[in-house]
Amino acid sequence: MTHTPVRRTPWPESSSRAVVTPLQPSVVYASDTPDALDAQYEGRTPGFTYAREGHPNATVLAQKIDALEGAEGGIIVGSGMAAVTAVMLGLLKAGDHVLGGDQLYGRSLRMLAQDLPRMGITTSLADPTDVAAMAAALRPETRMILVEVVSNPTLRVADMEGIARLAQDRGVLLVVDNTFTTPRGYRPFDHGADIVIHSVTKLLAGHSDVTLGYVALRDPALRRPVYDAATTFGLTPSPFDCWLAERGLYSFNLRYDRAEENAARLADHLATLPGIRRVIYPTRADHPDHNRALALLGRRGGNMLSFELEGGRAAANALTRAAPNIAFAPTLGDIGTTLSHPPSSSHRALTPEARAALGISEGFFRVSVGVEEIEILMAEFTEAVAAAARA
Ligand SMILES: *Cc1c(COP(=O)(O)O)cnc(C)c1O
């Protein structure tokens, strides 16, 4: 019997460097001495101590998204909802009020409706396309406004310039969830936002194989409480997820441009098909916020479009069945086109009347357009819409 211990050893030396960012799964980091640890904790030397507090793969990813958003010191967390959570828990206290856009991401709506009130934080919602409605909903104790630039799933375009002015006049923090628009379409810090949030899960990572979130804050003094909330409440991102998301990010600009071009063409194509009641795409002339979309986004309509079929649930079932290559899945931003049906997923908790008020009938679909050949996509949708019309 031998007693050779298996010990950890330094990484093999190489006079040449790896081209790819290494994946570093280590939870802990060893220091030389207590003095060296002091120096690190006091910020005199850089370094990592424990992965819940930060790790190299998160830092590398944060810096890349910072560059896209024109930000500094962005924080990576375990999901888009972790990003919303870190902002809320880090910056709000009992007695504060939060005003949200009325068509926020479903879980953000739930957080405002159910979770923050349990902690003594009051909330209300208003239509972000109507700045007068937003102004009327502000209270003396309002600390924060949370909006998305393009709403889900009706793709209404918020009055971002008006809301930014309102937030500044009233001394309220403006938080922009930029998941749908991405920094390729809109950079909130260039337009008065105080805080930018992303679900990195979606377009930035782009391959539906990680859940991650990102937060950046314009005021460096606000970074610490948000970072502390993320660390204390354990909203830690996995190094492997960060590594995969970084890999995805290298093709983000290309993917986005291609998906956006596809979306604009697919929207125009769908509008010509019999059996389609309406198509929603921000830069189309028939979009209800067309002028604002042009002013805010230019030609950057994004990769998301929605459409409404004639006919009810039977037509909707026939459509997804006739499009086997287009994943019917409640997400967005994947490299491939995906289709979601809000009445049976994100908006299923609403009454049919409440859905009707939003314009979401049983024939309503949202498409996250991917990077496929546009001719193939158009042919597949033509066939699926025809099958729906026969149903
Ligand atoms: C998906 C999404 C989120 C939540 O992100 P997760 O990574 O799924 O937690 C938040 N906001 C918007 C706009 C989203 O689309």
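**Close-up 1. F307, F365 and F381 form one aromatic cluster.** This is a predicted model: local features need pLDDT of at least 70, side-chain atom pairs count only at pLDDT 80 or more, and totals for chains, interfaces and linings use all residues. Residues are numbered from 1 along each chain as its sequence is written, and side-chain values use heavy atoms, with hydrogens and water left out. A pair of aromatic rings is described by the distance of the centres and the angle of the planes. Here, rings of Phe, Tyr and Trp (its six-membered ring) pair if their centres lie within 6.5 Å; planes under 30 degrees apart count as stacked, over 60 as edge-to-face and the rest as tilted. The whole structure holds 5 aromatic pairs by this search. One of them is F307 with F365, a stacked pair with 5.7 Å centre to centre and 25° between the planes. This pair links distant parts of the chain: F307 belongs to strand β9 (residues 304-309) and F365 to strand β12 (residues 364-368), 58 residues apart. Helices (H or I, at least four residues) and strands (E, at least two) are DSSP runs, numbered from the N terminus.

**Close-up 2. F307 also pairs with F381.** Their ring centres are 6.3 Å apart and the planes stand at 85°, so this pair is edge-to-face. F307 lies in strand β9 and F381 in helix α14 (residues 374-390), so the contact ties together parts that are 74 residues apart in sequence. How buried is F307? Its relative accessibility is 0%, so F307 counts as buried. The term buried means under 20% relative accessible area, exposed means over 50%, and partly exposed lies in between (1.4 Å probe, protein chains only). F381 is buried too, with a relative accessible area of 1%. F365 is likewise buried.

**Close-up 3. Domain 1 meets domain 2.** The protein chain is divided into domain 1 (54-249) and domain 2 (252-390). These bounds come from an automatic or database domain assignment. The C-alpha centres of the two domains lie 25 Å apart. At the interface, 30 residues of domain 1 are in contact with 30 residues of domain 2, where contact means heavy atoms within 4.5 Å. The area buried between them is about 2,700 Å². Carbon and sulfur atoms give 61% of that area. Buried area is the accessible area (1.4 Å probe) that two parts lose on being put together, summed over both.

**Close-up 4. Polar contacts and salt bridges cross the domain interface.** Which elements give two or more residues to the side of domain 1 that touches domain 2? They are α6 (160-170), α7 (182-185) and α9 (239-249). The largest share of that side, 3 residues, comes from α7. A polar contact is a pair of N or O atoms within 3.5 Å; within protein, one must be able to donate a hydrogen and the other to accept it, and residues adjacent in sequence count only if both atoms are side-chain atoms. The rule also finds 2 salt bridges across this interface. A salt bridge is a side-chain nitrogen of Lys or Arg within 4 Å of a carboxyl oxygen of Asp or Glu.

**Close-up 5. R277 and E310 meet in a salt bridge.** Their side chains come to 3.4 Å, N to O. R277 lies in strand β8 (residues 276-280) and E310 in the loop between β9 and α12 (313-321), so the bridge ties together parts that are 33 residues apart in sequence. R277 is partly exposed, with a relative accessible area of 45%. E310 is partly exposed as well, at 40%. Elsewhere, salt bridges that share partners join R184, D257, E260 and R300 into one network. Within that group, the side chains of D257 and R184 meet at 2.6 Å, N to O.

**Close-up 6. E42 and R44 pair through their side chains.** The whole structure has 18 salt bridges, including this one at 2.6 Å, N to O. Are E42 and R44 buried or exposed? E42 counts as exposed at 53% relative accessibility, and R44 counts as exposed at 55%. Another salt bridge joins D190 and R187 (3.1 Å, N to O). R187 is partly exposed, with a relative accessible area of 27%.

**Close-up 7. P12 is found in the segment before α1 (34-41).** P12 is exposed, with a relative accessible area of 62%. The C-alpha atoms of P12 and M304 are separated by 47 Å. Along the chain, P12 and M304 are 292 residues apart.
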